[in-house]
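Work through the following exercises with the sequence and the model open beside you. Try each task on your own before you read its solution.

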Amino acid sequence: MARRKQIYEGKAKVLFEGPEPGTLVQYFKDDATAFNNKKKGTITGKGVLNNRISEYLMLRLGEVGIPTHFVRRLNMREQLVREVEIIPLEVVIRNVAAGSLSQRFGIPEGTPLPRSIVEYYYKSDELNDPMVSEEHITAFGWATVQDLDDLMALSLRINDFLTGLFLGVGIRLVDFKLEFGRLYSGDDMQIVLADEISPDNCRLWDFKSGEKMDKDRFRRDMGGVEEAYQEVARRLGILPEGGPRDFKGPETVQ
Ligand code: 5GP
(Lines give C-alpha, C1' and ligand atoms only; values in the text may rest on other atoms or scores of the structure.)
Protein backbone atom coordinates (compact mmCIF):
# COMPACT_ATOMS: atom_id res chain seq x y z
CA MET A 1 0.00 0.00 0.00
CA ALA A 2 1.38 3.40 -0.95
CA ARG A 3 2.39 5.61 1.97
CA ARG A 4 0.08 8.54 2.43
CA LYS A 5 1.33 12.01 1.80
CA GLN A 6 2.61 13.73 4.91
CA ILE A 7 1.31 17.28 5.21
CA TYR A 8 3.00 18.44 8.40
CA GLU A 9 5.07 17.06 11.25
CA GLY A 10 4.76 18.73 14.64
CA LYS A 11 6.38 17.92 17.96
CA ALA A 12 3.74 15.44 19.13
CA LYS A 13 1.72 14.71 15.98
CA VAL A 14 1.95 14.12 12.26
CA LEU A 15 -0.73 15.16 9.78
CA PHE A 16 -1.32 13.07 6.66
CA GLU A 17 -3.57 13.64 3.70
CA GLY A 18 -7.01 12.17 4.50
CA PRO A 19 -9.04 9.66 2.48
CA GLU A 20 -11.44 12.34 1.18
CA PRO A 21 -10.86 15.96 0.17
CA GLY A 22 -11.12 18.27 3.14
CA THR A 23 -9.96 15.64 5.63
CA LEU A 24 -6.65 14.87 7.33
CA VAL A 25 -5.35 11.98 9.38
CA GLN A 26 -3.86 13.08 12.70
CA TYR A 27 -1.22 10.63 14.00
CA PHE A 28 -0.24 10.82 17.70
CA LYS A 29 3.45 10.20 18.49
CA ASP A 30 5.04 9.22 21.80
CA ASP A 31 7.54 12.07 21.43
CA ALA A 32 7.45 14.70 24.11
CA THR A 33 9.08 18.11 24.08
CA ALA A 34 9.10 21.00 26.49
CA PHE A 35 10.50 24.50 26.77
CA ASN A 36 10.21 25.09 23.04
CA ASN A 37 12.04 21.90 22.05
CA LYS A 38 14.96 22.38 24.48
CA LYS A 39 13.89 19.24 26.39
CA LYS A 40 13.09 16.14 24.36
CA GLY A 41 12.00 12.66 25.33
CA THR A 42 9.57 9.83 24.82
CA ILE A 43 6.56 8.96 26.93
CA THR A 44 5.78 5.34 26.09
CA GLY A 45 2.16 4.88 25.07
CA LYS A 46 1.41 8.62 25.18
CA GLY A 47 0.24 8.75 21.57
CA VAL A 48 -2.24 5.93 22.11
CA LEU A 49 -3.60 7.53 25.28
CA ASN A 50 -3.81 11.07 23.89
CA ASN A 51 -5.59 9.80 20.77
CA ARG A 52 -8.21 8.21 23.06
CA ILE A 53 -8.45 11.05 25.57
CA SER A 54 -8.75 13.70 22.85
CA GLU A 55 -11.36 11.63 21.00
CA TYR A 56 -13.38 11.29 24.20
CA LEU A 57 -13.22 15.00 25.09
CA MET A 58 -13.93 16.22 21.53
CA LEU A 59 -16.96 13.89 21.32
CA ARG A 60 -18.33 15.10 24.66
CA LEU A 61 -17.79 18.73 23.60
CA GLY A 62 -19.51 18.01 20.27
CA GLU A 63 -22.51 16.65 22.15
CA VAL A 64 -22.97 19.98 23.94
CA GLY A 65 -22.73 21.94 20.70
CA ILE A 66 -19.05 22.92 20.51
CA PRO A 67 -17.95 22.60 16.86
CA THR A 68 -14.71 20.62 16.52
CA HIS A 69 -12.51 19.28 13.72
CA PHE A 70 -12.86 15.70 15.01
CA VAL A 71 -14.57 13.19 12.71
CA ARG A 72 -13.71 9.75 14.09
CA ARG A 73 -10.90 7.70 15.54
CA LEU A 74 -9.33 5.37 12.97
CA ASN A 75 -7.06 3.18 15.08
CA MET A 76 -4.80 3.28 18.13
CA ARG A 77 -2.77 6.27 17.06
CA GLU A 78 -4.80 7.98 14.36
CA GLN A 79 -7.95 10.01 14.03
CA LEU A 80 -9.72 11.49 11.03
CA VAL A 81 -10.21 15.25 11.28
CA ARG A 82 -11.55 18.00 9.05
CA GLU A 83 -8.92 20.09 7.34
CA VAL A 84 -9.12 23.61 8.75
CA GLU A 85 -7.14 26.80 8.32
CA ILE A 86 -5.36 27.00 11.66
CA ILE A 87 -5.56 30.38 13.41
CA PRO A 88 -1.95 31.05 14.50
CA LEU A 89 -2.85 31.53 18.16
CA GLU A 90 -2.60 29.43 21.28
CA VAL A 91 -5.54 30.23 23.54
CA VAL A 92 -4.74 29.50 27.18
CA ILE A 93 -7.55 29.35 29.74
CA ARG A 94 -6.62 29.43 33.42
CA ASN A 95 -8.64 28.67 36.54
CA VAL A 96 -5.83 28.30 39.08
CA ALA A 97 -2.41 30.01 39.10
CA ALA A 98 0.38 27.78 37.74
CA GLY A 99 3.24 27.71 35.26
CA SER A 100 4.06 30.91 33.40
CA LEU A 101 1.30 32.92 35.09
CA SER A 102 2.75 32.12 38.53
CA GLN A 103 6.22 33.05 37.31
CA ARG A 104 5.14 36.26 35.57
CA PHE A 105 3.13 37.68 38.47
CA GLY A 106 4.74 35.95 41.46
CA ILE A 107 1.49 34.23 42.44
CA PRO A 108 2.08 30.87 44.18
CA GLU A 109 1.04 27.82 42.17
CA GLY A 110 -2.34 26.54 43.31
CA THR A 111 -3.85 29.95 44.11
CA PRO A 112 -7.42 29.97 42.72
CA LEU A 113 -7.94 32.87 40.30
CA PRO A 114 -10.76 35.36 41.02
CA ARG A 115 -12.22 34.43 37.64
CA SER A 116 -11.12 32.38 34.65
CA ILE A 117 -8.47 34.19 32.60
CA VAL A 118 -8.06 33.80 28.84
CA GLU A 119 -4.68 34.61 27.28
CA TYR A 120 -3.47 34.59 23.67
CA TYR A 121 -0.03 33.56 22.44
CA TYR A 122 1.23 33.89 18.87
CA LYS A 123 2.18 30.44 17.52
CA SER A 124 5.84 30.77 16.54
CA ASP A 125 8.65 28.44 17.60
CA GLU A 126 11.25 30.96 16.43
CA LEU A 127 9.78 33.64 18.67
CA ASN A 128 9.01 31.28 21.58
CA ASP A 129 5.21 31.74 21.33
CA PRO A 130 5.06 35.33 22.66
CA MET A 131 2.00 36.47 24.58
CA VAL A 132 -0.07 38.90 22.51
CA SER A 133 -3.01 41.24 23.07
CA GLU A 134 -6.18 41.56 21.03
CA GLU A 135 -4.63 44.74 19.58
CA HIS A 136 -1.67 42.77 18.19
CA ILE A 137 -3.94 40.02 16.86
CA THR A 138 -6.27 42.32 14.94
CA ALA A 139 -3.55 44.77 13.82
CA PHE A 140 -1.39 41.98 12.38
CA GLY A 141 -4.41 40.25 10.84
CA TRP A 142 -4.09 36.92 12.66
CA ALA A 143 -7.81 37.07 13.53
CA THR A 144 -10.64 39.59 13.25
CA VAL A 145 -12.59 41.17 16.09
CA GLN A 146 -15.47 38.79 15.23
CA ASP A 147 -13.09 35.79 15.27
CA LEU A 148 -11.87 36.86 18.71
CA ASP A 149 -15.44 37.14 20.00
CA ASP A 150 -16.03 33.56 18.81
CA LEU A 151 -12.72 32.31 20.26
CA MET A 152 -13.46 33.85 23.65
CA ALA A 153 -17.05 32.56 23.79
CA LEU A 154 -16.04 29.05 22.69
CA SER A 155 -13.06 28.95 25.09
CA LEU A 156 -15.21 29.91 28.10
CA ARG A 157 -17.89 27.34 27.19
CA ILE A 158 -15.23 24.66 26.74
CA ASN A 159 -13.72 25.62 30.09
CA ASP A 160 -17.07 25.43 31.90
CA PHE A 161 -17.86 22.04 30.40
CA LEU A 162 -14.43 20.48 30.91
CA THR A 163 -14.09 21.85 34.45
CA GLY A 164 -17.29 19.99 35.39
CA LEU A 165 -16.37 16.86 33.46
CA PHE A 166 -12.96 16.57 35.17
CA LEU A 167 -14.40 17.48 38.58
CA GLY A 168 -16.74 14.51 38.19
CA VAL A 169 -13.70 12.20 38.08
CA GLY A 170 -11.79 13.89 40.90
CA ILE A 171 -9.52 16.07 38.76
CA ARG A 172 -9.01 19.84 38.95
CA LEU A 173 -8.65 21.49 35.54
CA VAL A 174 -5.99 24.08 36.41
CA ASP A 175 -5.34 25.45 32.92
CA PHE A 176 -5.16 24.32 29.31
CA LYS A 177 -4.22 25.41 25.80
CA LEU A 178 -6.56 25.31 22.80
CA GLU A 179 -6.10 25.86 19.07
CA PHE A 180 -8.84 26.80 16.66
CA GLY A 181 -9.27 26.71 12.89
CA ARG A 182 -11.50 28.15 10.21
CA LEU A 183 -13.74 25.66 8.44
CA TYR A 184 -15.11 26.87 5.11
CA SER A 185 -18.19 25.55 3.37
CA GLY A 186 -19.25 27.59 0.35
CA ASP A 187 -19.45 31.21 1.45
CA ASP A 188 -19.75 30.27 5.12
CA MET A 189 -16.92 30.18 7.63
CA GLN A 190 -17.14 28.63 11.06
CA ILE A 191 -14.52 28.63 13.79
CA VAL A 192 -13.99 25.14 15.18
CA LEU A 193 -11.87 23.61 17.92
CA ALA A 194 -8.81 21.89 16.41
CA ASP A 195 -5.59 20.17 17.53
CA GLU A 196 -6.08 18.00 20.64
CA ILE A 197 -7.10 18.14 24.28
CA SER A 198 -4.97 15.85 26.43
CA PRO A 199 -2.60 15.84 29.41
CA ASP A 200 -0.01 17.28 26.96
CA ASN A 201 -1.79 20.62 26.88
CA CYS A 202 -3.81 20.66 30.12
CA ARG A 203 -2.73 20.96 33.75
CA LEU A 204 -4.70 18.31 35.62
CA TRP A 205 -4.32 17.93 39.38
CA ASP A 206 -5.84 15.21 41.54
CA PHE A 207 -8.58 17.00 43.45
CA LYS A 208 -7.73 15.50 46.85
CA SER A 209 -3.95 15.14 46.86
CA GLY A 210 -3.08 17.91 44.38
CA GLU A 211 -0.83 15.42 42.57
CA LYS A 212 0.03 16.41 38.99
CA MET A 213 -1.44 14.16 36.28
CA ASP A 214 -0.10 15.92 33.18
CA LYS A 215 2.94 16.90 31.14
CA ASP A 216 4.41 18.93 34.01
CA ARG A 217 5.63 15.55 35.33
CA PHE A 218 7.80 15.34 32.18
CA ARG A 219 8.69 19.06 32.10
CA ARG A 220 9.80 18.99 35.76
CA ASP A 221 11.42 15.49 35.77
CA MET A 222 8.97 14.20 38.37
CA GLY A 223 8.74 10.61 37.04
CA GLY A 224 5.54 8.58 36.79
CA VAL A 225 4.57 10.29 33.52
CA GLU A 226 3.11 7.24 31.73
CA GLU A 227 1.20 6.26 34.87
CA ALA A 228 -0.27 9.76 35.21
CA TYR A 229 -1.58 9.78 31.61
CA GLN A 230 -2.99 6.27 32.12
CA GLU A 231 -4.72 7.36 35.31
CA VAL A 232 -6.43 10.26 33.50
CA ALA A 233 -7.68 7.82 30.83
CA ARG A 234 -8.76 5.32 33.49
CA ARG A 235 -10.76 7.92 35.40
CA LEU A 236 -12.46 9.03 32.21
CA GLY A 237 -13.46 5.37 31.77
CA ILE A 238 -11.54 4.84 28.54
CA LEU A 239 -8.61 2.64 29.61
CA PRO A 240 -9.10 -1.13 29.45
CA GLU A 241 -7.96 -3.36 32.32
CA GLY A 242 -4.58 -4.30 30.85
CA GLY A 243 -3.55 -0.71 30.04
CA PRO A 244 -2.91 0.84 26.63
CA ARG A 245 -1.60 -2.44 25.15
CA ASP A 246 -5.10 -3.88 25.41
CA PHE A 247 -6.59 -1.32 23.02
CA LYS A 248 -7.91 -3.16 19.98
CA GLY A 249 -6.80 -2.30 16.49
CA PRO A 250 -3.55 -1.83 14.59
CA GLU A 251 -1.05 0.81 15.67
CA THR A 252 -1.42 2.52 12.32
CA VAL A 253 -2.97 1.96 8.91
CA GLN A 254 0.00 3.37 6.99
P1 5GP B 1 2.01 27.98 30.72
O2 5GP B 1 1.80 29.28 29.99
O3 5GP B 1 1.70 28.12 32.18
O4 5GP B 1 3.34 27.37 30.45
O5 5GP B 1 0.94 26.94 30.11
C6 5GP B 1 -0.44 27.10 30.33
C7 5GP B 1 -1.18 25.87 29.86
O8 5GP B 1 -1.15 25.81 28.44
C9 5GP B 1 -0.60 24.54 30.36
O10 5GP B 1 -1.67 23.64 30.57
C11 5GP B 1 0.25 24.05 29.19
O12 5GP B 1 0.24 22.64 29.13
C13 5GP B 1 -0.47 24.65 27.99
N14 5GP B 1 0.47 25.10 26.95
C15 5GP B 1 0.97 26.35 26.77
N16 5GP B 1 1.80 26.39 25.70
C17 5GP B 1 1.82 25.15 25.21
C18 5GP B 1 2.50 24.55 24.09
O19 5GP B 1 3.24 25.18 23.32
N20 5GP B 1 2.29 23.21 23.91
C21 5GP B 1 1.49 22.48 24.73
N22 5GP B 1 1.34 21.15 24.51
N23 5GP B 1 0.83 23.01 25.76
C24 5GP B 1 0.99 24.33 26.00
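A residue is called buried when its relative accessible area is under 20%, exposed when that area is over 50%, and partly exposed in between, with a 1.4 Å probe and protein chains only. The model is predicted, so local features need pLDDT of at least 70 and side-chain atom pairs count only at pLDDT 80 or more, while totals for chains, interfaces and linings use all residues. Residues are numbered from 1 along each chain as its sequence is written, and side-chain values use heavy atoms, with hydrogens and water left out.

**Exercise 1. Describe the chain as a whole.**

Step 1: Start with the secondary structure, which comes to 6 helices and 14 strands; helices (H or I, at least four residues) and strands (E, at least two) are DSSP runs, numbered from the N terminus.

Step 2: Turn to the overall dimensions, where the C-alpha trace spans about 55 × 50 × 35 Å along its principal axes.

Step 3: Ask how much is covered, and you will find that buried residues make up 50% of the 254 residues in the chain.

**Exercise 2. Work out the open sheet of 5 strands and the helix that lies across part of it.**

Step 1: The strand order is S1-S2-S3-S7-S6, with antiparallel pairing, where two strands pair if DSSP finds at least two bridges between them.

Step 2: Strand S1 (6-9) and strand S6 (70-73) each have a single partner strand, so one side of each is left without a neighbour in the sheet.

Step 3: Inside the sheet, strand S3 (residues 23-28) pairs with strand S7 (residues 78-82) over 5 bridges, and Gln26 has Gln79 in S7 as its bridge partner.

Step 4: Helix H1 (residues 46-63) lies across S3, S6 and S7 and runs at about 130° to S6; for such angles, axes are lines fitted to C-alpha atoms, for helices over the stretch in contact (heavy atoms within 4.5 Å), and the angles run from 0 to 180 degrees between N-to-C directions.

**Exercise 3. Which side chain meets that of Lys46 in a salt bridge, and is Lys46 buried or exposed?**

Step 1: Apply the rule that a salt bridge is a side-chain nitrogen of Lys or Arg within 4 Å of a carboxyl oxygen of Asp or Glu, by which the count comes to 29 salt bridges.

Step 2: The partner of Lys46 is Asp200, at 2.7 Å from N to O.

Step 3: Locate both residues: Lys46 is in helix H1, whereas Asp200 is in the loop between strand S13 (188-194) and strand S14 (202-206), 154 residues apart.

Step 4: Lys46 is buried, and Asp200 is buried as well.

**Exercise 4. Compare the surroundings of Glu119 and Arg104.**

Step 1: Glu119 forms a salt bridge with Arg104, and the closest N and O atoms are 3.4 Å apart.

Step 2: Because Glu119 lies in strand S10 and Arg104 in helix H2 (residues 99-105), the pair ties together parts that are 15 residues apart in sequence.

Step 3: Glu119 counts as buried at 5% relative accessibility, whereas Arg104 counts as partly exposed at 34%.
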